Every structure is written in C-alpha cells, then in structure tokens.
Amino acid sequence: MTQVNRLDGGLIDRDTPLDFTFDGRRYGGFAGDTLASALLANGVRLVGRSFKYHRPRGIISAGSEEPNALVELREGARREPNSRATMTELHDGLVARSQNRFPSLGFDLMAVNDRFSAFLGAGFYYKTFMWPKAFWERVYEPLIRQAAGLGALSGDPDPDVYDRGFRHCDLLVIGAGPAGLMAALTAGRAGAEVILVDEDFRAGGRLTMERETVAGINGADWAAEAAAELVSMPNVRVMPRSTAIGVFDHGIYSVLERVADHLPVPREGTPRQILWRVYAKRAILAAGATERLIAFDNNDRPGIMQASAVRGYVNRWAAAPAERIAIFTNNDDGHRTAADLAAAGVEIAAIIDSRPDAPASDVAELFAGAVVSNSSGRRGVGHVTLRLADGGRKHVSCGALAVSGGWNPNVHLTCHHRGRPQWQENIAAFVPGDGVPPGLAVAGAARGIFSTAGALADGRDQALAQLAELGIKVTSATVPEADDTPVKITPLWHVGGTGRAWLDQQNDVTVKDVGLAHQENFRAVEHLKRYTTLGMAGDQGRTSNVLGLAVMAELTGKTIADTGTTIYRPPYTPTPIAAFAGRSVGRNFRPTRLPPSHHWAAEQGAVFVEAGSWMRAQWFPREGEVHWRESVDREVLATRRSVGVCDVSTLGKIDIQGNDAGAFLDLVYSNRFSTLPVGRTRYGLMLREDGMVMDDGTTARLGETHYLMTTTTANAVGVYRHLEFVRQCLRPDMDVQLISATDSWAQFAVAGPNARRVLQAVVDSQHDISNEAFPFMACRAISVCGGVPARLFRISFSGELAYEIAVPARYGDAMIRALMAAGEPHDITPYGTEALGVMRIEKGHVTGNELNGTITAHNLGMAKMVSTKKDSIGAVLAGREALVAEDGLCLVGLQAIDGDHVTAGAHMFAESTPVDAAHDEGYVTSAAWSPHIGASIGLGFIVRGANRHGETVRLMNPLEGRSARARICSPHFIDPEGERLRG
Amino acid sequence: MKKLGGYSGFRILREGLTGNRGWRPAWRDPEPQPAYDFVIVGGGGHGLATAYYLASRYGEASVAVLEKGWIGGGNVGRNTTIIRSNYLLPGNEPFYEFSLKLWEGLEQDLNYNAMVSQRGVYNLYHSDGQRDAYRRRGNAMILHGADAELLDAAQLRAEMPFLNFDNGRFPIQGALVQRRGGTVRHDAVAWGYARGADRRGVDIIQNCEVTGFRIQNGRCIGVETNRGFIAARKVGCAVAGSSSRVMQAAGMRLPIESHVLQAFVSEGLKPVIPGVVTYGAGHFYISQSDKGGLVFGGDIDMYNSYAQRGNLPVVEDVCEGGMTLMPMIGRARMVRMWGGIMDMSMDGSPIIDHTPVDGLYFNGGWCYGGFKATPASGYCFAHLLATDTPHETATAFRLDRFRRGMMIDEKGSGAQPNLH
Amino acid sequence: MIIEHPLLGPRDSQEFTCLGDASLLQRPDAFAGDAADTFFDYQYLRDNPAGTHRELWYHEMGDRSWLVLTRDTRTHEILAVELASDVVTSGGRS
C-alpha cells in the first residue's frame, strides 16, 4: 500500500516498515509513526463520527487533546474503545476500527440526525419525550442509549496486568519540551533527585515538530541530546510514555506510565500500564500549550486541523495532511506553518489572515483581513469559502485547512486543587492563576511563555527557584540559544455565519448552542457547560472551552476574564479504570487470612466460607452426605453427644497489661473486671459511647496486672482501635499497655461431654484440669504435648462442657492434629462455622446478627450489666429516654410451629393484626434448624418480648412470598440452668 | 400542558422550523425584593424543590430562593444520579418511598424531562448474614408499600452475566433489587424545579450570599446578604455541605460534619450496564448514563473537608472494587473525578425541622443520599414551612432525636459521621 | 495526604484512619449532674469549621498512635501533628 502523502525526512525509521489495518483495510507506516500520522500519510482523512449528529470527523491535533480521532484498538478482550489515534504508537499488526457508525464509517445511517439538527439543539431532550409517560423508558430512552456512547467495551475481563508503584524525588518535571528539558537539566546537573515525565514516546515536545535551531543544531536533535544526558545521570529518571494525570494533596502526583501500549501485547510478566504515585518535594509543570481552532460554518470537516498539528505531521512524521493546504490564522504562528509547508514542498492554497495588518508572505498568496466563512466537501474538506476584507467572497480549493487561533497554555494541573486560571490579554489566553497546588511551579508555554528561547530560560529559572527552596546550590546554568519570536495575535473566536460553527467537535456543540444557552439563561459557565455539554467530552474541553467562553462573553457583553472558567479535574487525560486498581483485583481484592488449622481442614475436605478477611471451615462433609444440613446436623449432634472441636483463632485477642489494667477494663466494659480473680474469666459487654452495644466477649485475668480480652471476629480491629483510643486519648494517665494477640495464638474450642477427657490426653500431667481444680470460667497458663506453652480457658459458646485451648500460632497445625488423635476414642468431630452457629443459637448467644449497632444492653435483657456505680463508656447515653422505653425491643427465642421455618430477616406480627408497617413488631435476626430440638428455631427482637414468652407470632417474609408461625420463648433453648457447662 | 411556553415535541418542531428564536429563559434573574413571606437559603435541588412545592402545592406566592453562586451548583450538580427507596427503618422508608413516587410523576408535573429512568437498583450480597440483613430490609420496603425482590446468584446471573460471580475475593450470592429505582439526569432536576418555581412566581436570586440572620426576640425576621437585608416571615435553610457554616450564624451547633465524597465518570461507551449495581463487599457502585458514561463512586474520603476534591486512596479503592466486581470495565477510561461536600449527620439520616429560633427552619444532614430525596425533601420542607407541622412521611427527622435517643441509624454505625 | 508523624516522620495518610473532631478528647464527667447534656454535646454536636480543624487520626497500619492533626479543611494543609496522649497529658485537651 502506497503512502500517498508521505514526504521526505521526518523522525521516522524508514528501515522499520510496519503494517496495520483500519476498518479492515491494510496500510503501511514506519516505526516512529502514530496511528494518526500513518493514516494521514496514507491519505485517510475520515476517521470517526461525532457524538450527536454523526458528522464525519478527521484528525485535528497531534497530541493528547484530540477530540475526534477516537478509534477502537485491538481485538477480543483487549479491545480498547475511544483510543486517540494521535497518542497511539504504531506497531506492526496494529488493528484499529472506527466507532459510533452504522453500518460503516463512510455510510453512516445515523448521519440522518444531522438533517434534523434544527430540532436537536442544546438540551432539546429536556423539553420532549415526556408523552405518553410510559414511552420514555420503553421507547425513547432505549433508542437514545443505543445511539449514545462512542466505542464499545469487549464485555470480557481485561486480560492484562496493571501495577501501582511509588516513587520519590526532589523535583518532578512534567513535560519534556524545551522548558521541561531545561528544568530537568538544571536540576539534574545540580545533583537533585529528578523525575522527568512526558506523555510522548520521544522527548522534545514541540521541538520534535518544529523546524527550529537550538544551540546551533536542529531542535529535535538538541532535545534528543538533552534527554540522553538526563538518562545518563544516576540522579535523574526519565519516564517517556508517562502522563501526570493528577495533583493530589501534599505533593503527591499520579503518573500513568504506558509500559506496553506500543506493543501488540505486553511482554510476558510485565504490566500493560503502571500508575505511579510520585511523592515530589517540588514540581514544575512544563506541559506546553494547545493550539485553538477558530469557529466558522462547517469548520468540523475532516482535513480542518490545528495549524501546529499540520506542520507537526509534516516536520516530525513526514506526512502531509493533504497535497494542497490552506492556512487560516489570527496570529503570526500561522505563518510559521506556511513556511514549514513551503520548505517541505507542500502546496499552499492560500494564507487567510484575519488581521488587516497581517505580515506579508513570500511563500503563498495572502488574504489579509479575510476570514474563512465556510467549508464544503463530502467526507472531508474540498473547498473553503473566504470572506475577503472588501466583503467579497472567494472559493479556495484545498484538501486541508490549517487553523491557528492562538495558543492555550495547558494549565490543567494547576487547577486540580480548584485553582482558577486568569486571563492574560496580550496572548489572549488563560494562564495559571490563584490556587496553584503548593510546591508546583509552572514553566514555559504552560504559563504563556511561547517562544523557544523564553521557554528554555523559564525552565531554567523555575528550576533554580525550586532548587533554592530545596536548599540545593547551583553554580552555573546556561541556556542554549534559540528562536525568540514574540507572540502577535488579534483574537478571533468565531466567524459569523448562518450555519453551524463547531466549538466542541466530539460532543457536537456549536456557536448556536451557546446562543441558545444564553437565550434560555444558562449563562453561568457551569450552566453553559452542563446545558450544552460543551467541554464534557474526553478532552475536558481542551480544544473547545475557551472558544465557548469567548462566544458567551460576546453574548453577555462581559469580558472573558469576568465570564470565568469551569474547573479542570483529574485525570488530565482519560485513564483506564484498571490502572487505578492495579493488582488489587479479583481474588487479590482484599487480603485472605487463613486460620492455623486451615491446611489440616483442607485435608479433611472442609467447605470454606469467607468470614470477613478470614477463610473459615464452614462444615466438614463426610462421604455420602449430599446436603450441607446433613453434615451440620451430624456435627452438632456429635458435639452435644460426645465431643467436637472447632478452630476459633479468628476471634480477636487483645493482651492488656499494667497496674491499671483492671480499672481500664472497668471503663471500657459495662460490667466490672477489676474484681475478677486471677485465673478466672468473665463475660464482658462493651458499649459505644452512644450507648449501643459495640461488642461482647470473654476476658480472662491471667495475672494481677495481666488480662486477655477476646472480641468477636468481625470487630477485632475496631475494638482494638477503640481500646487504643480510650488508652491514649481519654486516659493516658493510666498504666496500661495493649497489644493485639489475634495472630499470635491458635485457639480451639473443644466442646461436649467428653471435652475434658480429650484435653486431659494432651495437657501435660502436672496440670490438674478436673472440674474441681479447673471449674467453669477458669483460665490458666499450662503446657501441652510435653512442654508446649498453652493457655486453657473453660468457656463455652455451645452451651456444652467446653474449653478453649490456645497455643502459639506456629503450633496450631500440630495442635489440631494432636486433639484429633486424642479425641479418636471419643469419636471427636471437627465442626465448622455452621454448627458453631446452630449451637450458639440453641444456647441463645448473640453475634453480629444481633449486635447490629442499634441494639442496647436493654434490648438484650442485659441492662443490669451496665454498672451505674462506676464510669463506663456508653453508660450515660444508654440512659436516654427512648433507649430505656418500656415498649422497646427485647431479644427472644423463636420456635417454629406446625413444621414451619424461622427465616432470618422476616418481620414479626401478632396473630391477628394487619400485615403492614404500622403493625410491624420486630424482626428475626438468626435462624437455624436445631437437630437437638428437632425444630426450626431462631432469635429475634420484638417489642415487649420479655413478657411475651409463649405467645404465637407470625413471621412475615413477603419479599419471598412466605410466612410462618412461631412461638416466642426464652433465647436459651438448651440447658437454661447451665448444668452442662458446669459439669 | 401544551400552554404557551410549555415544552413539548410539538414545540420543538415549531421552534426548529422558525429558527429556535422563541425559547425564553428557563428562569428569570430578578432583583431581590425587600421582603418575602418565605426565603429559602440555598439554590440547590432541595431549596429549589422547596420553593416549587411552596408555590405549586401550598399556594404561596411570595417566595425567594437565595443562592450564593449559580443554582444547582452543589450536590445536585455533582452526584451519581441514583434514585431508590430501599431503606430499612420506619423513620426513613415512608419518606424515601414518597420521594420515589414524586420522581415517578416529576416530568409531567414539571413539564421538564429529567430523564427519570427506573432501570433497577441492585444491591449485591456476598454472605448469608448479608442476605439476611437484606431480607429484613426488603421486607421492610414491601411493608411500607415499596417494591423489592431478592435474587439468588442464578437469577442475578441471568440479568447481569458480566459480574464476576466466581473469581472475586467475595463470591456474589445474589442481590436485593428495587426495580423502581434507577437514575435521573441530575442537572435537569435543578433546572426543572427552577423553571417550575419561576413560572409560579418564585424569585430565584443567584449570586446572593446569605451572610447572617436577623434575629429579634428569638425570632428570625430576615437574612443579611451581600445584596442587602431581605425580610422574611419564615426562613428555611437547605445548604447541605454548608449547613454548619450557615447555621452558625444563627448560633447553632449541628450534629453534622462536612466530608468529601468523590465520584467518577468514564468516556461514553455503548450500553453495557443495565441498572445501578452496588458491591456488597467493597465500596463501589455504578450505573451508565444515557450519554454512555460509566458513572461510579464509593466511600467518602473519611476526613472533614470543604475542599470539593479528594485524594488517591479512595480513587484506587473504588476502582479495585469495580474491577473485582466487573472486570470488563478495565479498559474503559475515566475522564473525570470530582468531589462534593456531604453534610454527614450523626446517624446517617437527615433533619427537616424547625430550629430553636422562631421562623427559622433547617433542612440538612443528607449525607450522600440527598439527591434521591430531592422531591420529598422539598415537599416536606415546604409542608413544614407552610403549616408548621411535619409532613406525615418526615416526622422522624427531628433535630432533638439524638438527645432523646431516637436515632435513625440504617447502618448501625453510631455517632461517627464518616462511617455512615 | 502526607502526615508528619511526630515519632515516625512523613507517612502516607492511607496508613491512618480518621475518627473526627479532637473535641472527643474532652470526655465529660459521667457523674456530674448535667452529664446527660454534656455527653449529648460531646457525642453529637460539632463545630465543623471550614478552616482550621483539630482532629483525631489513628495510625492503624503503623505504630497505633492516636494523633491530633491541625488541618485546614478548605485546603487540606496540615499545620501541626501531635501525639494525642501528649495533648491530653499537657492539659491541652482543647
């Protein structure tokens, strides 16, 4: 395939030809091309369709501001919609497709919208589609949704890996144009730790696209030499293909490095992209500037481009956008484009300079004081119409129009802390204003210094200032000689006409739309933006905002400065969601914690369940058991009949020591612990300061000044944080120290009538654990298995004679195996969280299901545990009137009758009331099949529940169309007198 | 409906054929009058809705809305557009259901297409305990006359096959669905109420900052503004994130902290996500706008802030959740992130009540749920202002509920605003 | 954000959890006659300033220190960082 528009020269590697396809057609390019430059070289002008009117769209820029040339890249699960052709490095075999067209780019049926544009102006959809009412969701909206959107996702999981990384530096330099390179050189030569990031794959910024001399050599060569020097410095890191997308608090910059986007697929073992969090003591924004277009009727035709992009394609990529190009400018920069085109041998159709005092041109016919008022051509510009200074008209034929409307500094990052740019009249552009993020300086074109010499000097000066702030001394810093042409511009924003003149080409916002917004009083800049969608496209208005503001300013009679701007937000350029997520996705979304017996449990074929961050054994199916209930019922019955064992290491364990440990616990628990004898354990109820129950658990007194608290699994972290708050923030005077011991100890519940016999087989014989020597609620440090240190607690969650035995976590696996071996004569049964849950419901113990954050001690029937004789957290606010009301919720047991089932989440109603919100009396919190009782049972809260034992209630579950009847009873279904646990 | 100046398809045709010269301002920019019966402080969604309902439902003719900047510039202009009434507690559910019913008739009421789109809100659950809690909530919704469905994994998979059911850290077990939930074009809500209120004689005064309240003998008789004193029989404040600052001028300390909530939008994409999905095992929720952008968010940044911008940890956390839940969105590009100031209350529920100062009324504490409440909040605040009694669906939103122990704490997180 | 931990130097705020207003250091006297009122104020009412805010942060993924930050809620600028226990011990519970 011939590259019809390919010129000589350029910074492409003609020894490395590349093949690619666009919409299925094969084309050729070279290494160093972007998809955009290669398409232009191949004479392809039509690359996309606009959002609303499906107008033909071509490439208008050579950078990340591109609003039009958005394509789908790659295939299968790697399909990337909305990729800017201007930022896509060509690689061999690259596959690109146009988007938002049907059936084809050249013939798009949706282009019919363009015919009806009179009815589809700004915000038309707010005024219609309302009748008949049902049609919005059934007819109009589905049609709109299908038509909207640009590209399409593949629908498949992204197969690539993304990383996040952290880097630190003295000075971050953003942008490797003349200002950025000079800043990095100055700082690097001074020995500072420097990171230089640039979104391009080649350093130099505009220098790569200009025909300029720096230090006596070609500007692009000077940039390459500067970059090479920087790369050679050990204290400097140069990051190409890396975009600073956001400035966050305290000098944290987010930088997206596109590691592998220039390759067909990422290299084995490497990520596609890395999102760096750069901690920079200081930073310099040298992001350059973006050339504006000028609005005129039908200014959106393919081939109408930024003049700077036209000469960039010619100079850097040796690709002429067309054989014959016209130039439309309001400033001197347009003439530079003319000179470069002439030098490259491209035919210049005309120079149309809107300034009557335009400088003479020796390279082409000049129309001073003239404007381009219209364009024509199918799928691309063929002619432009000129309105001449004398009012006459003239048609000029051309395949491209290079438009130069002045330059907008790329101030975006300076606005990320809600800073507002300020208008600078002499360059007719916004420059950084108030509210620039602390530590960030701006250099070069990004602050309106447009000449190369000025940018180089400013890069040095800003670096020197930042180095001085950092205390780094600089001996000498010279700046190479370069072009120093001043800016001469006479603003021209739009050319009046009767047709449509585009401002935002991606979202199809025209001058008329701004007029309508003005007419309808959407005049505040934010109203303008939101009503017309001006600047809401993927470029955040980089090519459109200032034009739109200028048009609104004209209409309101205000200055542009008074009209103000909308806020630029991160990210600077669109950034894949996957890059923000990095590797913390899928199964690695959150850490997975495994209890000490996990591997043993896996060997037993346990079924596991997520319990917060833990994986816990849910039940241990035996051969022949097909339903989980069979396994769970067996585990419950075996435990109650003989003995069972369960890993309870996940419960929070907090070691509390110090002379004031007892007093500390008296403060954090509702009930008293300072009086607990050494060697004993007590149930503790912990309230939040607002009087709601925070957590419960047992706390053991291991020594005079040493306690060990247990918390629920779910609240282990929160309770620890709370205790540290009380210790450090409320009572730093207390002599008490805390440490989390959750991960230090493996702990197993051994429960059932034979529990003591099993334990006696593993506990070393010098420790007497008989009922007399080691009664219910006893605790003691012991040893097991011949000298392994251990702790034994006689506590019971199941209601059986039960112990919890703890050994250092590294012995956990050995301990479970030893317990299983010791229990073999008693047919010891491992049980999982389901059986644990059944037994605790049978015993009436509450867990997270009940302790939902809105429950008081009163609701639990534990009001008496809240001591009023001492100060404890939550006691005061627990006494508020509504929290102690007589008709409050009470914890009750529920036993289904008539073979019905108790369902957690059902609401409770008295026997003969209407089933509605007004008669709702409570809800079921937990439910289980009790193999012990032979019925479905549960726990729940119901008003006045303590006085309603024996009453039948209806458990209503309209959500699933079910209801059941149950009898209210004591929550203690099993052994209410507690004889088993004392046996 | 088709009266002069009304919006309709016919009108669009007529205007389109005559150069679109007949469209009038959606609202006027009047000079403030010296006195009104009602002054609403805050030209956000709630303030504009309050004025609209005062005029349209309570027949009040002398109403002004004072906005320090441009109307609709607060949270109504920077939210993730979700509407739903899937609340658990009796203090909340009737109110939010009332709001949803108002949404359902909003466009015809306002003659403004705010694109109410009831595409369903799906709250995913990942454990038995979470399912049980959702069952309790779903039942509460139905008992209050709302709609709810509990889907298991197979049913959910049939509707949303793209979710990561099996390879996420926390498997998806199912979802609580409210089909009547969905999204609304947020800016249009502010504009629709503004236009509706303006057409009924309400003065909407932009660039008018309230700097203080004039209080005589315990009664508020008007507001001081940067455009002079404006007298009022009653003053209602609906200033969301600025609640503490504004009410401080009346000598009040509130059970409210201001926090930043971030939100995110992607480039326009062809339809991929049918409804609103919230992840039950991480901080992530998402919907797709009519324009094609994925609109998503997560948790607040956790620290007090008036800065209207957040930081990276939450951005990353949200995207981690999103990628885990629906890994197909990885190559979609985020185009913008932004932050709003949330008036986080001490129990996560709002306040619509009179204050200790006669003639001064307060509407706030919406946390990050204020958008969906907009119609009912406006209606109930208007009711309170007009009648001095709480609307029947908003009786629980009292200022003294904390002192009396009648918190409306959906999450059970207690008196820590950043946990709600 | 970066928090200058008084013991550990600069740390990313991601290592911390934020509790809120440092007035929580001033827990009232539970036995005073007006405890119901003072505890209500303590637990529920906030100045919520737009500007300098003293607030409690906890180094959850670090050394478990509770810190008092003085931070501007409009700009996020951190003006001071102290150990909460030092603040309380020095009597500066304000």
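Author: Happy to! One definition comes first: two strands pair if DSSP finds at least two bridges between them. Please also keep in mind that this is a predicted model, with an ipTM of 0.98 and a pTM of 0.97.

Let us start with the meeting of chains A and B. Here 87 residues of chain B are in contact with 90 residues of chain A. Several elements of chain B each supply at least two residues to the side that touches chain A: the helices α1 (9-17), α4 (106-110), α5 (128-143), α7 (186-199) and α9 (312-325), together with the strands β12 (256-268) and β16 (333-345). The element that gives the most to this side of chain B is α5(B), with 10 residues. Sorted by class, the side of chain B that touches chain A holds 36 nonpolar residues, 30 polar ones and 21 charged ones.

Now look at β16(B) again. Strand β31 of chain A, residues 575-576, is joined to β16(B) by 2 bridges, and the two strands run antiparallel. Within this pairing, A:T575 stands opposite B:M334.

The peptide bond from A:P570 to A:P571 is cis, with omega near -5 degrees. Another cis peptide bond in chain A runs from A:W131 to A:P132, with omega near -15 degrees. A:P132 sits in the loop between α2 (112-115) and α3 (135-147) of chain A.

The loop between α1 and β1 (35-41) of chain B contains B:N20. This residue has a positive phi of about 55 degrees, although it is not a glycine. Is B:N20 buried or exposed? B:N20 counts as buried because it has 21 C-beta neighbours inside 10 Å, and 20 or more are needed for that label.

The other loop lies between β15 (293-304) and α9 of chain B, and B:Q308 is found there. B:Q308, also a residue other than glycine, has a positive phi near 55 degrees. With 19 C-beta neighbours inside 10 Å, B:Q308 counts as partly exposed.

Note on methods:
Residues numbered from 1 in each chain as written. Chains lettered and ligands numbered in written order. Predicted model: local features only at pLDDT ≥ 70, side-chain atom pairs only at ≥ 80, totals over all residues. Contact = placed C-beta atoms within 7 Å. Helix = DSSP H or I, 4+ residues; strand = E, 2+ residues; numbered from the N terminus. Nonpolar A, V, L, I, M, F, W, Y, C, P; charged D, E, K, R; others polar. Buried ≥ 20, exposed ≤ 12 C-beta atoms within 10 Å, placed from the backbone.
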